[in-house]
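Please look over the sequence and the structure shown here before reading on. The report is written for someone who is meeting them for the first time.

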Amino acid sequence: MDSNKKYWKGLEELNNEPEFVEKNKHEFAEPIPIEEVLSGGGLMGKTPRRDFLKALGFGVGAVTLAACQKVPVHKSIPYLIKPEEVTPGVANYYVSTYDGHAILVKTREGRPIKIEGNPNDVLAKGGLSAQAQASVLDLYDYNRLNNPMLDGGDSSWNEIDTFVKRELGAIKTGGKKIRLVTSTINSPSTLAVIADFIAQYPNTKHITYDAVSYTGIIQANQNSFGKAVIPHYNFDKADVIVSFGADFLGTWISPSEFMGQWVKNRGSKSLAGKKMSRHIQFETGMSLTGSNADTRILIKPSEEGLALVNLYNALSGTTLPGSKPMGNSSADKAVKLVAAELKAAQGKALVVCGSNDVAKQILVNAINAQLGSYGTTIDLDNYSNQYKGNDAEFTDFVGEMNRGEVDAVFFLNSNPVYEYHNGQAIKDALKKVRLKVTFADRKDETSVICNIVAPNHYYLESWGDGNAVEGYYTVIQPTINPVYDTRQAEQSLMVWSDSTVKDYYTYVRNTWDKELLAKGGLSGQKGWETLLQTGFIKVADKPAGSYSFAKDLNGVAQTILNQGTTLEAKGDKQYEVQLYQSIALRDGKRANNPWLQELPDPVSKVTWDNFAAMSPTDMKKAGYVQGDVINIEVKNPNNNASYSIALPILVQPGQAQGTISIALGYGRTEAGPVGQGVGKNVYPFLNFVNGTFQTATVAAISTTGDNVILAQTQTHHSIEGRNVIRETTFKEYVKDPSSNSGGSLKHKEYEDLWDDYDHPQYNWVMAIDLNACTGCGACVVACSAENNVPVVGRDEVRRRREMHWIRIDRYYSFNEDGKSITEEKEIEDLKDLDNVAVVYQPMLCQHCDHAPCETVCPVLATVHSSEGINHMAYNRCVGTRYCANNCPYKVRRFNWFNYWNDSRFDNYLINEHTHLVLNPDVTTRFRGVMEKCSMCIQRIQAGKLKAKIEKRPLKDGDIKMACQQTCPTNAIVFGNASDPNSEVSQLLKSERTYYVLEELGVKPGIGYQVKVRNTAETLA
Amino acid sequence: MRSISLILKQFSRSVLLVAGFTILGLSAYAQGDAAKGKTIFEAKCTACHKVDQRLIGPALGPQLDKETDEKFLVKWIQNNTALIAAKDPKALAIYNEYNQSNMTVFPDLTDADVTNILTYVRTEWKTMQEDAKKAPAGGAVETDKGPSNIMIFGLIGVILVAFIVIMVLNKVVKTLERLIANKPDLLVEPVPVEEVQVDKYAGIKKLAKNKKFVFFVLLCVSIAGGGWTWMTMWNTDVHQGYQPVQPIKFPHDLHAGAMKINCQYCHTGAYKSKNASIPSLNVCMNCHKVITGLKGSNAPSAEIHKIYDALGYDPQTQKYDSTKMRPVQWVRIHNLPDFAYFNHSQHVKVQGLKCQTCHGPVETMKEVYQYSPLTMKWCIQCHKRTEVNTKGNAYYEKMEAVHEMIRKGEKVTEAMMGGIECGKCHY
């Protein structure tokens, strides 16, 4: 076809495996066994006639009986005393905070049903991650603890308070240690409560410990500049971004924020100004960030240090002791070229490294100082408070417990039995502690061995505040009365430390009244009320100082290189293992959330599991195929204990040879019915080296002989090699902005078979910028939350029955030194599979003006509207599935089950609590009907009605789709194409715009903008 | 019947009032004009006071029995704040008893006015007390139980008539039996009767052999049966006229009809939400804190008491007990299926439809029933026939311009603007 590049979704598609070809002949992989019924005993036998009569008799009887039913009695129960602000049927929005981001919580009749970004959020500008979107479901998790517990039995708060206070009193006089272990807290009020607690019990120490730690960066900055902080990175100010394994678009520090910054120099506006940043990624496994990079260079974990040393050498012109060329020639070459590019972008360059190693981070600091990044792309003065964990303090604490020095320990938002690399050690050590208290709001691995469980409120039930970045203060306010008999952890701490302030709300008020409100120019009751409407205050940024690096690097270089040597895999069956956080589950705290479990991993498209990602070359060498379960065994250098797990292999093009990547956050043993036993826990593979926890290690692998099918969505919808993806390079784009978008390779216009539709006022369309989409999947979860999309579970995903209305297609293509591949023969050499490029394409109903689905529906259940939308009337659908078969975009989903009332899906969304999260404005679909993206029609209708009630014309931007609203990079824009001034009309006029499969003449309503890659020919 | 009892009641009341006046003529208190007092009392005092019951302020009848110092009362009513400020001990006592809330001051009332009020209150209170005393023996009982007595009399009458009819019929039967017994030959007649029967069957058999006739009958039966089935099928799950028994017998005819209360006073959601919403009980209490029963009756009506019970409210102490609260479980009458989206504000606020258009003459309904069929056909018919209210709504300005070109000044219906497309209601 038009494009000369070949795209493929998975190796089975690339190699045209027979099974794949067979399955993809049909829209539905498993045909209904009609043939069997007809040919086998079928209709020929004698019994069917009798059965038919029986069924007929029963049917008639049942229908008659059903018709005799009187009017079903529905109760309608109004409020006794209606809260003033609640109008049944109208949503209320409250500001709050998730993970330091200002958010809006949408509530209906007092129930939070959706999390939306606060458009004024300083960090992500209204963008939200998939995790934030999914967090609302955790409120209704029926696995949450209903009441406080004492020694495993149900208890009351009075009993708990008496017990804990008595114990604490005794421990205080005994003089032994009290330890408060928390994950990072950046709430000023919570920190003040903890300080009060420590004042009351002076033998207390607050230990901050993060499951995935950033201690390396903090200590490196302490070492280099005397500031023990994570700096605030400004990717938007960088023209050249070089990342060594930092997945800053996916999981690293503040991804929703970084995505917005990153796209600022790459999106439509920037391209229109002929400006695009360059992003080079050195990494092992294919991360979200790596897959979005302009150039991606494969290195093993053991080579990362050497690559950094060489980069420093090339930049500074010195040679650090122990420097040597890497064994990896392409990486070696790349480092030199990258150095040249970085030098050219002096002051507008940024180098980041995902390692938690202090030495590496010191070297990165030196590199950034060389590049003049401090004060421009890195801001050490308005630093981040998002992670403050101190790994060494935590290991010391384990030692203290083992020595019997600790009498009381409190866990707040921390689950070390699961997250610590030696959970058993924690379990054993905790046995020596007299008082073990956890504030966990649901059962977890640590709570089951604590003698006191004082369940905390969920954040949607709490008062509180946050201070993610210096100068940015956000407020948390409750949006629902506590669902269970829980109590906010801060309140518990206040009670136990005999605080003079009686409740935590007053405490938060006091903190704001005394210190914080004034910073935002507010004061008093009025100021507080303003805050509760705006959600945050922002103090003007301090001027970012420029820092110079003046430490000796010789020792640092030596440490780095030594460590690289220990990570090298020796022998045939040894692999370097890299651990990463998956986009959906991150550190695993939300493992019991079905929306997240079913969110396909952006790159591998695997749901409901973690896996061992291996390079295709390695697999061929070792004779493995996808799904083979292997044993992965790691000897922990700290205690020489070995730990092994069995995981299925995933073929990952673009994985560095000789390495395996595995996601953290899986394999929970006490998480609840959804998350329990999904995948394997690889936290035990974490290495404690040089005072920090590190994610690289060496493992020996062995075959188990098993093979499992991973629940992957990647090749479920083959695009039959059609030209759906278009991309170009920045060079080409500058020469010809319409490069590869159809402008220069215009195909002939076809005769229209159908008449055009009238669009009297609105023509709702969408523009999706492939250059802005990072594939993070936030839109998928937002759509599920908005449109009551059911969760189907692992088995059903394996049968290709996932229900997501919007999916993100991930396409691989080959990088061939600038050359394009035209013939399949040229790509037989598997070596090329290491060097692949990735394009993400959000795919949803295209709302075609000449929709093929509409013409084949025998019951007119799917029809066109005068507003350019393809309607789907569920109550009219009889489930012939013709429409899905006729859809060229494969976006229609069939309800194989009544997912909302079928005991087989009990773990997911069916129970009286999770039903509370449903959007009341959207129906839940019954078994046997087709569904698909409705273009959030409920939002369109609500937007129009609002304008009508306010007697004003509808403004552009009044209506936002759920996917558009959450997108941290604003890749999706929705609007009225009939209005020439609307944002979407402007975007669709861009030369980059093309329509997927426009040659079919279906006139899709969604325009895509060509992906532009800023590749340097010399480097690829 | 209720109206008869009301008339009787009012009659007895006026008789008693006249009697009261004559008694009052002999009373020792300073005299005023009770009729004038009544006018002023109703204009100024009823917001906070009742004669026999505590409302916001004390029950005035008993209070005035206790307090006989006219001068103090006049001063208090004219300006109680001044009295309190002057630390008058009696004034302070009342002030403290009623949670230190001030009574409104009435500087415009003259001494004579106040006396009139006092006279009226005392008269009224006396009347009430005498009513109460008479109640066990006197006409009050008769008037109260009037309707039920009439019912009982009616029933007895019916039974008597029925009894007489039965007696007469019995007599007739016995007479006939006697006649037959006396003339036994009357019974020997069956043979000719049998012959007649044979003839009759023969006629039917003849008809049955007539193919045209059979066909005609069958056709009629199948048309009638088919028609009936068709209608029944169409009306499956159409509950027009559905009138369930509600937990509280709420008379819309009284509230919306006689009292002319605007629908939106209670169904506040209709203007701003998709739900018109059933009012919460605090809305009921806006009025029913004061109106406890039928006009003139002291005991709270049983139905109104259900509101109090639901709220855990004690009308004596005027306190709420949240532990006794339990919601009222109304039975839903208008019940659209879940897959149909309907928004009240769209129709009521934007289009300006009257509630009665869909809900029927609610202001005449003693108990509400489903007036409209609520079928899709019914929805669409209206969307096709009703002109859209675009006047003064800037939202339609842009749209109208487009339409003007297409249709040249015909009426705009919802259907023309896409109002009958599936996705406008089904999502």
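What follows describes the chain as a whole and then one residue within it.

The model is predicted, and its secondary structure in chain A comes to 31 helices and 40 strands. Of the contacts in chain A with a separation of 6 or more, 75% are between residues 24 or more positions apart.

The table gathers some totals for the chain.

| Property of chain A | Value |
|---|---|
| Share of buried residues among the 1020 residues | 63% |
| Accessible surface | about 38000 Å² |
| Share of the accessible surface belonging to carbon and sulfur atoms | 51% |
| Positive side chains | 108 |
| Negative side chains | 116 |

The centres of the positive and negative sets of side chains lie 2 Å apart.

Is A:Gln261 buried or exposed? Its relative accessibility is 9%, and because buried means under 20%, A:Gln261 counts as buried. Leaving aside neighbours within four places in sequence, A:Gln261 is in contact with A:His232, A:Tyr233, A:Asn234, A:Phe235 and A:Asp236. With one of these, A:Tyr233, there is also a polar approach, as a polar atom of the A:Gln261 side chain lies 3.3 Å from the backbone oxygen of A:Tyr233.

Definitions and conventions:
Residues are numbered from 1 along each chain as its sequence is written. Chains are lettered from A and ligands numbered from 1 in the order in which they are written. This is a predicted model: local features need pLDDT of at least 70, side-chain atom pairs count only at pLDDT 80 or more; totals for chains, interfaces and linings use all residues. Side-chain values use heavy atoms; hydrogens and water are left out. Buried means under 20% relative accessible area, exposed over 50%, partly exposed in between (1.4 Å probe, protein chains only). A polar contact is a pair of N or O atoms within 3.5 Å; within protein, one must be able to donate a hydrogen and the other to accept it, and residues adjacent in sequence count only if both atoms are side-chain atoms. Contact means heavy atoms within 4.5 Å. Helices (H or I, at least four residues) and strands (E, at least two) are DSSP runs, numbered from the N terminus. Accessible areas come from the Shrake-Rupley method with a 1.4 Å probe; for residues, only the protein chains shown count as cover. Lys and Arg count as positive and Asp and Glu as negative; His and the chain ends are not counted. The place of a charge is taken as NZ of Lys, CZ of Arg, CG of Asp or CD of Glu.
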